[in-house]
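Subject: A structure for you to look at

Hello,

Here is the structure I promised to pass on. Please open it beside this email and follow along as you read.

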Amino acid sequence: MKKIFILCAFFLSIGSQAQDANKILKEIDQNMYTKTKVSTTKMIVYGKRKTKEIITKGFTRGTEDSFSEYLSPAREKGTKMLKLDDKLWIYSPSSDRTIQISGHMLRQSVNGSDMSYEDMMQERKLVEMYAPTIVGEEEMNGEECYILELDAKTEDVTYQKIKMWVEKKHSVPMRQDLFAKSGQMLKTINMSDIRKVGDRYYPFKMNYKDVLKDGKGTDFVVMEMENNVPIPDHVFNKSNLKK
């Protein structure tokens, strides 16, 4: 009887941990995703000789549709990107051409940064893509965090495994280590400057670091953000790319 009791307690503990891990993942999704989002962001690309800053205005609807336009620098102003579900188009004003980015091209760097087009495309909710496990607790970037390991539930994800540090108070990711199917770590994302936007909390600064490249990575900084604001349907239309 004692052995049966111990086994039952063990399996109940495992089940409770799984529920807690899924609860945290759902809270992250609840925090990070809204019906609509309008933001102005700055991407700082640290090159070997000089630093490039790209300011972008972005519109997001749910987890499937997004539209963005470069506001600066002058050389790239007017470049537009449209994502509809799993398709991505880019319009270049210098050539007045629209091209679709797909297949292996999605793994390419965006403007020489440590971010790929796949990184920008990944908008699905975490609970749809990963099975989480709590593996510990630790302070990260000045915040007390749970440590989660996320294993992919489907094949069509950019990263097969993620190690994630999640701030306890508001369920905001503070760091992510991103792994390939082989187990090799590919990138890290460090988050900081958590701010409240409406009833949600969001990191306003993220540093993406491709561990296979030299340098100090790419900073992605949110300058302004509004959630759940009306966005006209025509924004998410291919005809909007050349307007």
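Below is what was found in it, one region at a time.

First, how to read it: this is a predicted model, in which local features need pLDDT of at least 70 and side-chain atom pairs count only at pLDDT 80 or more, while totals for chains, interfaces and linings use all residues. Residues are numbered from 1 along each chain as its sequence is written, and side-chain values use heavy atoms, with hydrogens and water left out.

Strands are DSSP runs of E with at least two residues, numbered from the N terminus. Lys 37 is in strand 1, which covers residues 36-46. Is Lys 37 buried or exposed? Its relative accessibility is 13%, so Lys 37 counts as buried (buried means under 20% relative accessible area, exposed over 50%, and partly exposed in between, with a 1.4 Å probe and protein chains only). A polar atom of the Lys 37 side chain lies 3.1 Å from the backbone oxygen of Met 32. Not counting residues up to four places away in sequence, Lys 37 touches several others, including Phe 59, Tyr 202 and Glu 226 (contact means heavy atoms within 4.5 Å).

Thr 40 is also in strand 1, and at 11% relative accessibility Thr 40 is buried. Leaving aside neighbours within four places in sequence, its contacts include Ile 55, Val 221 and Glu 224.

**Met 206**

Look next at strand 12 (residues 200-210), where you will find Met 206. Met 206 is buried, with a relative accessible area of 6%.

**The nonpolar cores**

In soluble globular proteins, nonpolar side chains tend to be buried together. Which residues have the most contacts inside the largest nonpolar core? They are Ile 28, Tyr 117, Leu 126, Tyr 130 and Leu 150, in a core of 37 residues. Apart from that core lies another, of 10 residues, among them Phe 67, Tyr 91, Val 229 and Val 235. A nonpolar core here is a set of buried Ala, Val, Leu, Ile, Met, Phe, Trp, Tyr and Cys residues joined through side-chain atoms within 4.5 Å.

**Backbone details**

Most residues other than glycine have a negative phi, and most peptide bonds are trans. The peptide bond from Ser 72 to Pro 73 is cis, with omega near 5 degrees, and Pro 73 lies in the loop between strand 3 (65-72) and strand 4 (80-84).

Asn 141 has a positive phi, near 50 degrees. Asn 141 is in the loop between strand 7 (130-140) and strand 8 (143-152) and is partly exposed, with a relative accessible area of 40%.

Asp 193, which is not a glycine either, has a positive phi of about 55 degrees. Asp 193 belongs to strand 11 (residues 185-197), and at 37% relative accessibility Asp 193 counts as partly exposed.

Enjoy exploring!

Best wishes

How values were computed:
Helices (H or I, at least four residues) and strands (E, at least two) are DSSP runs, numbered from the N terminus. A polar contact is a pair of N or O atoms within 3.5 Å; within protein, one must be able to donate a hydrogen and the other to accept it, and residues adjacent in sequence count only if both atoms are side-chain atoms.
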